[in-house]
Amino acid sequence: MGRHSRKDPAPAPARPRPVPAPQPYEEPPAPYRPEPTVTHQGYVPGEAPAGGHPQHHESGGAWGAGPGSGSVYGDWRGVPRTPRGSTAVLDGDTPAFGTPAVGFPQVTLPATPAPTPAPVSVPPAASAPDAVTSTGSHRRVPGPRRPVDPVVEEPGSSRGRTARTYTGMAAVAVAAVLAVAVAVQMTSDGDGGGARQGALAAAGQDQAAAAPGAATPAAPAAAPAPAPELTYEQQMAQQLPIDAKLAGPGTFDTVPGMAKAPGKGKLVRYRVDVEQGLGLDPQLFAEAVHRTLNDPRSWAHGGAMTFERVPGGEADFVITLASPGTTGTWCAKSGLDTTIDNVSCDSASTDRVMINAFRWAQGSSTYGPDQMVAYRQMLINHEVGHRLGHGHVSCRTPGALAPIMQQQTKSLDIDGIQCKPNPWVYPGN
């Protein structure tokens with residue numbers, strides 16, 4: 001046989017290679033990592049957020065180890081994760097929103113409790129991009145939920161200041177609304193229409209004042225200056241109101257103080273009493289008595305005598321200003337009736353010279369209201385003249401001044417002789 005006709009024995013069939021049994025998976029020990037904390041946008045340090053961020057491959061089986069490295073994909077804290085396949089998401093295979101993908105268990109991260117945030121409006125999250133399916137159609141695949149960080153105010157941060165500003169504005173607005181509500185409630189619970197009308201009137205005045213061209217309200221008038229103190233002559237010239245039938249309590253107050261005698265004649269001491277409840281000025285009455293008696297036209301004329309007012313002790317007589325009722329009582333003790341013409345008297349059986357308060361305040365028709373000073377001087381000189389021992393005298397010359405001891409309060413016409421009013425003992429001086 002030729003060289004090429006020799007047949008070699010057929011090769012033996014290859015034995016199948018034994019397949020090694022799968023080794024049980026042993027979880028490598030997790031390297032030490034600090035407790036993850038939630039940072040900005042809710043991500044864990046070292047873990048890339050889902051959606052569009054590149055994978056950073058690291059050696060040693062940590063997060064993001066490359067393919068073929070022999071480590072479990074996404075090994076995190078000892079939890080194995082199966083890598084996702086590269087197959088595109090098909091219609092009908094899309095998982096429900098919020099359902100974790102196969103091979104990627106959902107883990108709830110413990111978050112550090114944050115302080116209660118101030119109310120901040122959060123814009124809606126941007127929708128996830130459309131996913132392309134194998135059929136070429138577009139289907140919107142919901143993206144993962146991204147938690148919203150609470151607003152934590154940091155010292156000196158503009159975001160904290162903005163939160164404080166919004167919070168303050170909200171508080172002011174709430175306070176203003178509450179104030180308006182309380183005011184409305186008080187108005188409705190109070191006097192009703194009157195309070196509301198007053199509030200509306202005040203509001204109308206404010207609007208009128210604020211309107212363009214409105215007249216400026218006048219400034220409040222200054223307090224009037226106190227009236228100047230009246231002089232002695234001005235006070236003596238005034239008529240004063242009093243009841244013609246007034247009956248006082250019959251009790252008297254002595255005018256305090258002392259008025260020295262100005263002359264060198266016979267010294268006559270007197271006291272001044274004023275009945276309580278008259279409403280007349282005791283000091284004015286006491287000053288009028290002292291001035292009148294020591295006037296050169298009075299009983300002190302020519303240095304014959306001088307009068308001194310004393311507050312108590314030894315007094316030759318007591319000049320008393322009393323109501324018409326009390327005057328009548330004291331005059332009746334000496335047999336005199338002063339109730340007919342409401343006049344004054346010298347109660348000779350007592351130490352009192354009675355001056356009727358009605359006549360002192362109102363005067364008489366014989367003098368009129370414009371001669372109140374002269375009438376009061378006449379009353380004092382006439383009644384003290386009786387105490388000094390002088391009786392009544394009538395006018396004998398028509399048109400002449402009536403003598404001081406004439407009853408001038410009753411009439412200036414005696415026996416058909418008309419005389420003029422006269423308050424002085426010696427009117428010519």
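The questions and answers below go through these topics in turn.

Author: This is a predicted model, in which local features need pLDDT of at least 70, side-chain atom pairs count only at pLDDT 80 or more, and totals for chains, interfaces and linings use all residues. Residues are numbered from 1 along each chain as its sequence is written, and side-chain values use heavy atoms, with hydrogens and water left out.

Reader: How many disulfides are there?
Author: A disulfide is taken as a pair of cysteine sulfur atoms within 2.5 Å. Cys-331 and Cys-345 meet this rule with an S to S distance of 1.8 Å, and Cys-395 and Cys-419 meet it at 1.5 Å. With the bonded cysteines numbered in sequence order, the pairing reads 1-2, 3-4. The count is two disulfides.

Reader: How many residues apart in sequence are the parts that Cys-331 and Cys-345 tie together?
Author: The disulfide joins Cys-331 to Cys-345. Helices (H or I, at least four residues) and strands (E, at least two) are DSSP runs, numbered from the N terminus. Cys-331 belongs to helix 5 (residues 324-332) and Cys-345 to strand 7 (residues 345-346), so the linked parts are separated in sequence by 14 residues.

Reader: Is Cys-345 buried or exposed?
Author: Buried means under 20% relative accessible area, exposed over 50%, and partly exposed in between (1.4 Å probe, protein chains only). Cys-345 has 4% relative accessibility, so the residue counts as buried.

Reader: Which handedness does the disulfide of Cys-395 and Cys-419 have?
Author: For the link of Cys-331 and Cys-345, a value of -100° about the S-S bond goes with a left-handed form. For Cys-395 and Cys-419 the torsion is about -90°, so this disulfide is left-handed.

Reader: Where do Cys-395 and Cys-419 lie, and how many residues apart in sequence are the parts they tie together?
Author: The sulfur atoms of Cys-395 and Cys-419 are joined at 1.5 Å. Cys-395 is in the loop between helix 7 (372-387) and strand 9 (413-414), and Cys-419 is in the segment after strand 10 (417-418), so the parts tied together are apart in sequence by 24 residues.

Reader: What kind of aromatic pair do Phe-252 and Trp-330 form?
Author: Rings of Phe, Tyr and Trp (its six-membered ring) pair if their centres lie within 6.5 Å; planes under 30 degrees apart count as stacked, over 60 as edge-to-face and the rest as tilted. The whole structure holds four aromatic pairs. In one of them, the ring centres of Phe-252 and Trp-330 are 6.3 Å apart and the planes stand at 70°, so the pair is edge-to-face.

Reader: How many residues apart in sequence are the parts that Phe-252 and Trp-330 tie together?
Author: The two ring centres are 6.3 Å apart. Phe-252 is in strand 3 (residues 252-254) and Trp-330 in helix 5, so the parts they tie together are apart in sequence by 78 residues.

Reader: Is Trp-330 buried or exposed, by its relative accessibility?
Author: Phe-252 has 18% relative accessibility and counts as buried. Trp-330 has 17%, so this residue also counts as buried.

Reader: What kind of pair do Tyr-270 and Phe-317 form?
Author: Tyr-270 in strand 4 (residues 266-275) and Phe-317 in strand 6 (residues 317-322) are 47 residues apart. Both are buried. Their ring centres are 6.2 Å apart with planes at 15°, so the pair is stacked.

Reader: Which charged end sits over the ring of Trp-330 at 4.9 Å from its centre?
Author: A charge sits over a ring if NZ of Lys or CZ of Arg is within 6 Å of the ring centre and within 35 degrees of the ring normal. Lys-333 lies over the face of Trp-330 at 3.5 Å from the ring centre. The charged end at 4.9 Å is that of Arg-352.

Reader: Where is Asp-415, a residue other than glycine with positive phi?
Author: Asn-342 has a positive phi of about 55° without being a glycine, and this residue is buried at 14% relative accessible area. Asp-415 has phi near 55° but is exposed, at 65%. Its place is the loop between strand 9 and strand 10.

Reader: How many residues are in the largest nonpolar core?
Author: A nonpolar core is a set of buried Ala, Val, Leu, Ile, Met, Phe, Trp, Tyr and Cys residues joined through side-chain atoms within 4.5 Å. Among the members touching the most others are Phe-285, Leu-293 and Trp-360. The number of residues in this core is 39.
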